[in-house]
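Student: Please show me the structure, and then let us go through it step by step.

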Amino acid sequence: MEHVLCHNRRKPHFCIPPIPNLNSNYVGVDGARALSELNLSEINQAPSLCTLDLNLRYNEVGNEGACALSQLKYAPSLHTLSLNLNRNRVGDAGAVALSQLKESRSLHTLTLSLRCNPVGVDGADALSQLHSFLPTFTCIIFDD
């Protein structure tokens, strides 16, 4: 994967170009697991990597795939993460796993879209706790 050097006023850093839009590819649980492992290996090779945007809409990653993606909390410099998991059969177990992103040492901004998933009260409660841990957190669970 090609890394792009981005500049800001304080210091240069690496950003991963957006991963190709994987919308409606039905990568499933195995695909989500492979993506989380690929992303972690890429991030570990570029310790200044700060931004990741994954669009996995309509991919049936389910709770197990959401659990695999929650492992991005170990990425050492991931500052901004956007996950579109709309229509993926993510329920309470997956939402609770994603709430573990609060354990990240570097994550500052998280945008999480979970529209049209069977997230219940327990999952919504777990996700609501992210506001206390992340300076910038946006979560969309229900349709507008």
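**Salt bridges and helix packing**

Student: Is Arg 89 buried or exposed?

Tutor: Relative accessible area decides this: under 20% is buried, over 50% is exposed and anything in between is partly exposed, with a 1.4 Å probe and protein chains only. Arg 89 has a relative accessibility of 59%, so it counts as exposed.

Student: What should I know about the model before going on?

Tutor: This is a predicted model, in which local features need pLDDT of at least 70 and side-chain atom pairs count only at pLDDT 80 or more, while totals for chains, interfaces and linings use all residues. Residues are numbered from 1 along each chain as its sequence is written, and side-chain values use heavy atoms, leaving out hydrogens and water.

Student: With which residue does Arg 89 form a salt bridge?

Tutor: A salt bridge is a side-chain nitrogen of Lys or Arg within 4 Å of a carboxyl oxygen of Asp or Glu. For Arg 89 the closest N and O atoms of the pair are 3.9 Å apart, and the partner is Glu 60.

Student: How many residues apart are Arg 89 and Glu 60?

Tutor: Helices (H or I, at least four residues) and strands (E, at least two) are DSSP runs numbered from the N terminus. Arg 89 is in the loop between strand E4 (80-84) and H3, and Glu 60 is in the loop between strand E3 (51-55) and H2. The pair links distant parts of the chain, and the separation is 29 residues.

Student: What is the relative accessible area of Glu 60?

Tutor: Glu 60 is partly exposed because its relative accessible area is 36%.
The salt-bridge rule gives a count for the model, and that count is 2.

Student: Why are H3 and H4 described as roughly parallel?

Tutor: Two packed helices are described by the angle between their axes and the distance between the axes. Axes are lines fitted to C-alpha atoms, for helices over the stretch in contact, and angles run from 0 to 180 degrees between N-to-C directions; under 35 degrees counts as roughly parallel, over 145 as roughly antiparallel, 65 to 115 as roughly perpendicular and the rest as oblique. Helix H3 (residues 92-99) and helix H4 (residues 121-128) have axes 8 Å apart. They are roughly parallel because their angle is about 10°.

Student: Which residues of H4 make the contact with H3?

Tutor: Contact means heavy atoms within 4.5 Å. H3 contributes Asp 92, Ala 95, Val 96, Leu 98 and Ser 99, and on the side of H4 the residues are Val 121, Asp 122, Gly 123, Ala 126 and Leu 127.

Student: Which residues does Ser 99 touch, leaving aside neighbours within four places in sequence?

Tutor: Ser 99 belongs to helix H3 and is buried, with a relative accessible area of 5%. Its contacts are Ala 126, Leu 127 and Leu 130.

Student: At what angle do H2 and H3 pack?

Tutor: Helix H2 (residues 62-69) and H3 have axes 8 Å apart. The two are roughly parallel, and the angle is about 5°.
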